[in-house]
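Open the structure in your viewer and keep the sequence panel beside it. This tour goes from one selection to the next.

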Amino acid sequence: MRSRTILLGALAALALGAGSAGAEGIKVGMITTLSGGGAGMGIDVRDGFNLALKMAGATDVEVIVEDDQQKPEIAVQIAKKMIQSAQVDVLTGILWSNLAMAVVPAAVAQGTFYLSPNAGPSALAGAGCDKNYFSVAWQDDNLHEAAGAYANSAGYRKTFMLAPNYPDGTDAIAAYKRFYKGEKAGEVYTQLGQTDYAAEIGQIHASHADSVFFFLPGGMDIAFMKQYADSGMTTPLVSAAFSFDQNLLQAVGDAALGVHHTSQWSKDLDNPANAAFVEAFQAEYGRLPSLYASQGYDTANLLLSAKAKADVADQDAFRAALESADFASTRGDFAFGPNHHPIQDIYVREVVKEGDVYTNKVVGVALEDRGDAYAEACNM
């Protein structure tokens, strides 16, 4: 117990720094997915966020949490209630880009800060950027861009590309091609929610591709990877961390072993903030943290770092404090670009098995100090 107390105290110091200038409390509205297929991600965002507050002893930060059920209309209703009735200072929590687009523009227009622990659609990074909107995780293209850069370094010259036919899917392939320099063996868009990939696997086989880039969110990737392994295909897979998160890996099992993918975070990143976070998360919740837990945790610590410098009622000062990003990120070096999206390293991870647990380890860096492709269109 004593070692855990020391750990919590040390991480509180990392989170808050030396000062606590923000004397007033802050009310946070968290809208996230706590039911259905995306519940695991939402639970991890919530748990990571709350862990950071607990470790910092931030008793004057009130968090109201509601389930958006992965439905834009529900998210909009919750946001209206949180802003108008609960009068929250800050909104956070949304996982999905279509929900973010339904909620964020109206929220920030009303003077509410929005700190995104996940969704970073291109529309909010470019011309639709806003001074009160901060994407703490990424711009949605980033990990796919890094996958394209990795494919080049791995020597792949003929990639087959696969994604669902909706905006995030088409954006994923466009982002991959932004950095990938090789030949296109095929480009296929599946139905959203599809579970049978026999036809697509047949197309991959016939294409004589030397690699396969895929983005299939949620349960789609589980079905694809299991069917791909069962088919006997050995063409290397390349993807982003969305398909290889800690929670999904246990369902995929051996079919994921050895696959390389890209992420801005991993549990084995060697920095003090990350080591303390991973240990504390396991102690608090009895499981390994996921990418989404790390993003919830970093989002809370960004909030706390701004609160230590300014009262949220002074919006200009609080915004400036957010922009400085003066907190110890689990990712190591972290800064905001001019459109309030991260500039950060993006790593290559490999799926491994540690004992009975499937997990990831860092094996390289795909992109260093990557911002995003849309910042020039932002005029704040």
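Start at the end of helix 8: the residue that follows this helix is H208, and its phi is positive, near 55°. Bear in mind throughout that this is a predicted model.

**Stop 1: helix 8**

Select residues 198–207, which form helix 8. Which of its residues are buried? Colour E200, I201, I204 and S207: these are the buried ones. They sit on the same side of helix 8, because the arc they cover around the axis is only 125°. Now turn to the other side of the helix. There A198, A199, H205 and A206 are exposed.

Next, show what lies over the buried residues. The cover includes three strands: strand 6 (158–164), strand 7 (183–190) and strand 8 (211–214). Helix 9 (219–230) is also part of that cover.

**Stop 2: helix 8 against helix 9**

The crossing is right-handed. On the helix 8 side, select A198, I201 and I204; on the helix 9 side, select F224, Q227 and Y228. Those residues make the contact. Sorted by class, five are nonpolar and one is polar, with no charged residues. I201 and I204 were already on your list of buried residues, while A198 was on the exposed list.

**Stop 3: helix 2 against helix 11**

Move to another helix pair. Select residues 39–56 for helix 2 and residues 272–285 for helix 11. At what angle do they pack? The angle is about 105°, and the axes are 11 Å apart. That makes helix 2 roughly perpendicular to helix 11, since angles of 65 to 115 degrees count as such.

Show the side chains at the contact. Helix 2 brings D44, D47, G48, N50, L51, K54 and M55. Helix 11 meets them with F277, A280, F281, E284 and Y285. By class, this contact has six nonpolar, two polar and four charged residues.

**Stop 4: T112**

Select T112, in the loop between helix 4 (97–109) and strand 4 (113–116). Is T112 buried or exposed? T112 is buried: its relative accessible area is 4%, and the cut-off is under 20%. Leave aside neighbours within four places in sequence, and T112 is in contact with I83, V88, D89, V90, L91, A107 and N132.

**Stop 5: helix 13**

Select residues 315–324, helix 13. Its buried residues are F318, R319, A321 and L322. Then bring up the cover over them. It includes strand 1 (26–32), strand 4, strand 5 (133–135), helix 12 (291–307) and strand 11 (335–336). Step past the end of helix 13 to A325, which has a positive phi near 45°.

**Stop 6: W138**

Finish at W138, in the loop between strand 5 and helix 6 (142–153). W138 is buried, with a relative accessible area of 2%. Which residues touch W138, leaving aside neighbours within four places in sequence? Select N118, G120, L143, F242, Q264, L291, Q295, H341, P342 and Q344.

Definitions and conventions. Residues are numbered from 1 along each chain as its sequence is written. This is a predicted model: local features need pLDDT of at least 70, side-chain atom pairs count only at pLDDT 80 or more; totals for chains, interfaces and linings use all residues. Side-chain values use heavy atoms; hydrogens and water are left out. Buried means under 20% relative accessible area, exposed over 50%, partly exposed in between (1.4 Å probe, protein chains only). Helices (H or I, at least four residues) and strands (E, at least two) are DSSP runs, numbered from the N terminus. The arc is that of the directions from the helix axis to the C-beta atoms. Contact means heavy atoms within 4.5 Å. A crossing is left-handed if the near helix is turned anticlockwise from the far one by less than a right angle, and right-handed if clockwise. Ala, Val, Leu, Ile, Met, Phe, Trp, Tyr, Cys and Pro count as nonpolar, Asp, Glu, Lys and Arg as charged, and the others, Gly among them, as polar. Axes are lines fitted to C-alpha atoms, for helices over the stretch in contact, and angles run from 0 to 180 degrees between N-to-C directions. Angles under 35 degrees count as roughly parallel, over 145 as roughly antiparallel, 65 to 115 as roughly perpendicular and the rest as oblique.
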